[in-house]
Amino acid sequence: MPRPKRKAAPPITSSDVDSSLRTEPKKSTTKQFDRIDKLFESYANKSLGLIDPDGIEALCKDVHVDHTDVRMLILAWKLKAEKQGYFSKDEWQKGLKCLGADTLPKLRKAINGLKKEVTVPECFEDFYSYAFQYCLTEEKQRSVDIETICELLNVVLRSEFPTQVNLLTEYLKGEDVQKTFNAHTR
């Protein structure tokens, strides 16, 4: 038996669309981006148009987090920052929107909760991979020097695995490993 033909759906009018689904910017979204931009400007180097290391240091002071705290590296991961020590305006906007942080108190709260996210194995794997890539400062660089990797291990893993990190960094700093590493990186 042949299937009956479907009737064409009537054209959709603007009154049929739920207002929350419309593509027109909402006032609250615009205000949120304005607050995020204002926060960016308070830390940005005006001549570079970026938040540079000095701006990050000021941010750390304002959110009460040391610049060597793993949460700052996790923040860079959440912002998808491409260059170590710098946040672009686009990275800042997208990242803070994702975190729901458009004011300093909200950002402080978001930063304080970041460690929880990397306790999920899939997230941790993505984060650690990002952290390694973030340490590569030169184009076409494929490895990180032992001092840097030891620092990365300290920042990322020491709070959870202090004994293992101490043993691993001690091993990595050993003379035999140094000779092997130097021979392979030349």
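Buried here means under 20% relative accessible area and exposed means over 50%, with partly exposed in between (1.4 Å probe, protein chains only). The model is a predicted one, so local features need pLDDT of at least 70 and side-chain atom pairs count only at pLDDT 80 or more, while totals for chains, interfaces and linings use all residues. Residues are numbered from 1 along each chain as its sequence is written, and side-chain values use heavy atoms, with hydrogens and water left out.

Gly 49 comes out partly exposed, at a relative accessible area of 37%. This glycine sits in the loop between helix 1 (27-43) and strand 1 (50-51); helices (H or I, at least four residues) and strands (E, at least two) are DSSP runs, numbered from the N terminus. Leaving aside residues up to four places away in sequence, Gly 49 touches Phe 40 and Lys 89, where contact means heavy atoms within 4.5 Å. Its C-alpha atom is separated by 9.4 Å from that of Phe 87, 38 residues apart along the chain.

Helix 3 (residues 70-79) is another story: ten of its ten residues are buried, Arg 71, Trp 77 and Lys 78 among them. At the N-terminal end, Asp 69 does the capping, with a side-chain oxygen 2.8 Å from the backbone nitrogen of Arg 71. After helix 3 comes Lys 80, with a positive phi near 60 degrees.

How values were computed
Polar contact = N/O pair within 3.5 Å; in protein donor to acceptor, adjacent residues only side chain to side chain.
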